[in-house]
Amino acid sequence: MSLSAAEDLRRSRSGPYVCEVRGRGLDSLLDDPRLSGELSGFAGRLLEPLLEHDGRHGTRLTETFCLALALGSAEAAADRLFVHPNTVRYRLRRAQHLLGRDLSEPKERTALGLAAFVWLRDRDGRGASEKTVQRRPDKA
């Protein structure tokens with residue numbers, strides 16, 4: 001994107017200029033076909049215990065865990081899922097136990113946060129902040 005903008009400016013021959021190109025952040029990594037498959041695999045491997053648990057028990061631990069990490073709070077995830085914040089907190093403790101990872105460790109939190117964002121984006125087909133969760137019966 002920035003290369004094409006620079007080429008356009010060069011072709012215009014308008015003399016000295018300053019061009020600001022705003023990057024798209026994490027989305028630009030996820031849109032890169034060389035990386036998107038790797039990142040999806042990374043997310044699947046990290047979240048595998050939750051995905052397996054949800055598949056066996058019909059729960060929504062993966063969705064809850066990923067939303068809470070991506071949105072930054074249990075309250076924001078609860079609003080999105082139409083459940084009480086204590087339900088989200090319970091699910092987060094359960095998910096952390098199943099994952100066997102400590103979210104208080106910065107490296108673990110960063111890896112799981114990236115996995116959460118990727119998983120939500122893959123599931124939704126767009127960024128987590130754009131997703132509207134439909135109302136449906138809810139299981140812990």
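Select helices α5 and α6 of this predicted model: α5 passes α6 in a right-handed crossing. Helix α5 covers residues 74-81 and helix α6 residues 85-99, and their axes come within 8 Å, crossing at roughly 110°. Angles of 65 to 115 degrees count as roughly perpendicular, so α5 is placed roughly perpendicular to α6.

Next, display the side chains where the two helices meet. On α5, select Ala 74, Glu 75, Ala 77, Ala 78 and Leu 81; their partners on α6 are Pro 85, Val 88, Arg 89, Arg 91 and Leu 92. This contact of α5 with α6 comprises 7 nonpolar and 3 charged residues, with no polar ones.

From α4, select Leu 61, Thr 64, Phe 65 and Ala 68, which make the contact with Val 88, Arg 91, Leu 92, Arg 94, Ala 95, Leu 98 and Leu 99 of α6. By class, the residues of the contact of α4 with α6 are 8 nonpolar, 1 polar and 2 charged.

Now colour the chain by pLDDT. The average is 82, and 71% of the residues score at least 70. Among the elements of the chain, α5 has the highest mean pLDDT, 97, whereas helix α1, residues 2-12, has the lowest, 62.

Finally, select residues 127-137, where pLDDT stays under 50. For this stretch the model has 21 contacts beyond four places in sequence.

Key
Residues are numbered from 1 along each chain as its sequence is written. This is a predicted model: local features need pLDDT of at least 70, side-chain atom pairs count only at pLDDT 80 or more; totals for chains, interfaces and linings use all residues. Side-chain values use heavy atoms; hydrogens and water are left out. Axes are lines fitted to C-alpha atoms, for helices over the stretch in contact, and angles run from 0 to 180 degrees between N-to-C directions. Helices (H or I, at least four residues) and strands (E, at least two) are DSSP runs, numbered from the N terminus. Angles under 35 degrees count as roughly parallel, over 145 as roughly antiparallel, 65 to 115 as roughly perpendicular and the rest as oblique. A crossing is left-handed if the near helix is turned anticlockwise from the far one by less than a right angle, and right-handed if clockwise. Contact means heavy atoms within 4.5 Å. Ala, Val, Leu, Ile, Met, Phe, Trp, Tyr, Cys and Pro count as nonpolar, Asp, Glu, Lys and Arg as charged, and the others, Gly among them, as polar. pLDDT is the predictor's confidence in each residue, from 0 to 100.
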